[in-house]
Amino acid sequence: GTDPSVCEHIQWKLKSRGEHRGWKVSDLSVDGYMIKGLVDRQLPQVPRDATHLIISIGGNNALCVMEEVDALGHWKFLPPFLLYAIYRGIKKLKREYDHMLAAALTLNKPIIVCTLYHPGFGLKRRNILERPMVISRSANFFSRFINSAATKLNGYVTRGVVAVGVEAINYGIIRTAARSKKLPIIDLAAVFNDANDYANPIEPSGQGGDKISQNILFAVLCHDFSGPSRKYDHREISNDGKYPRFPRKKK
């Protein structure tokens, strides 16, 4: 697309501020990276002269938890199996997140962490979660009815798992870790409150990127990093939603 990325939003806004025009933004994000990838590959690439580090990670790990739930098949409709799969996945994610944050703190730079935002499944593409479930392979009406009902039930279960999982990760892992280290938190789950914040169910749109950049700049410029942890969740949109267009080079 042609919507600016979060880093492009930040760079564009810094250029409009005379006193911050010389600041540089380094984009080290890589699509599909997990927490382990951040520790092994991204942290070593942080520029030595960097003044702040913004960490937004965990979404792809959460998708892996969803895959473990899906692997249960029909058993995921039974609460004990469902809850155990979620618990096991989140417990592993907590260990990896705590290890990552400890590694990031060794860089001795002010750190800002971001929570996960809820996917936009229910906002734009609700049916994407209704994956086909086949209970009966017969072609009669009763079998089609059973399969259709199972598919819809699967969608509701998946949406519920996603909602519970995101909140568990945000409160039980990210916020807990950040507060114990007195780090500022950008609460993306609260920031993303509009269907237009999403380009697709799991990626931010230009408007969503604008909101993220607003919170990053506010935290960088205004937060007292010697004080306690604080949550930032501003939902304002800059420039009435009119964003500069950035050309995209073909890869």
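Are Phe192 and Tyr198 buried or exposed? Phe192 is buried, and Tyr198 is too. Buried means under 20% relative accessible area, with a 1.4 Å probe and protein chains only. This is a predicted model, where local features need pLDDT of at least 70, side-chain atom pairs count only at pLDDT 80 or more, and totals for chains, interfaces and linings use all residues. Residues are numbered from 1 along each chain as its sequence is written, and side-chain values use heavy atoms, leaving out hydrogens and water.

Now look at the rings. Rings of Phe, Tyr and Trp (its six-membered ring) pair if their centres lie within 6.5 Å. The count comes to 4 aromatic pairs. The ring centres of Tyr117 and Phe192 are 4.5 Å apart and the planes lie at 10°, so this pair is stacked (planes under 30 degrees apart). Tyr117 sits in the loop between strand S2 and helix H5, while Phe192 sits in the loop between helix H6 and strand S4, 75 residues apart. Helices (H or I, at least four residues) and strands (E, at least two) are DSSP runs, numbered from the N terminus.

Phe192 also pairs with Tyr198. Their centres are 5.4 Å apart and their planes are at 85°, so the pair is edge-to-face (planes over 60 degrees apart).

Next, turn to two helices. H1 (residues 6-15) packs with H7 (residues 206-222) at an angle of about 55°, and their axes are 8 Å apart. Axes are lines fitted to C-alpha atoms, for helices over the stretch in contact, and angles run from 0 to 180 degrees between N-to-C directions.

Methods
Buried < 20%, exposed > 50% of the residue type's maximum accessible area, 1.4 Å probe, protein only.
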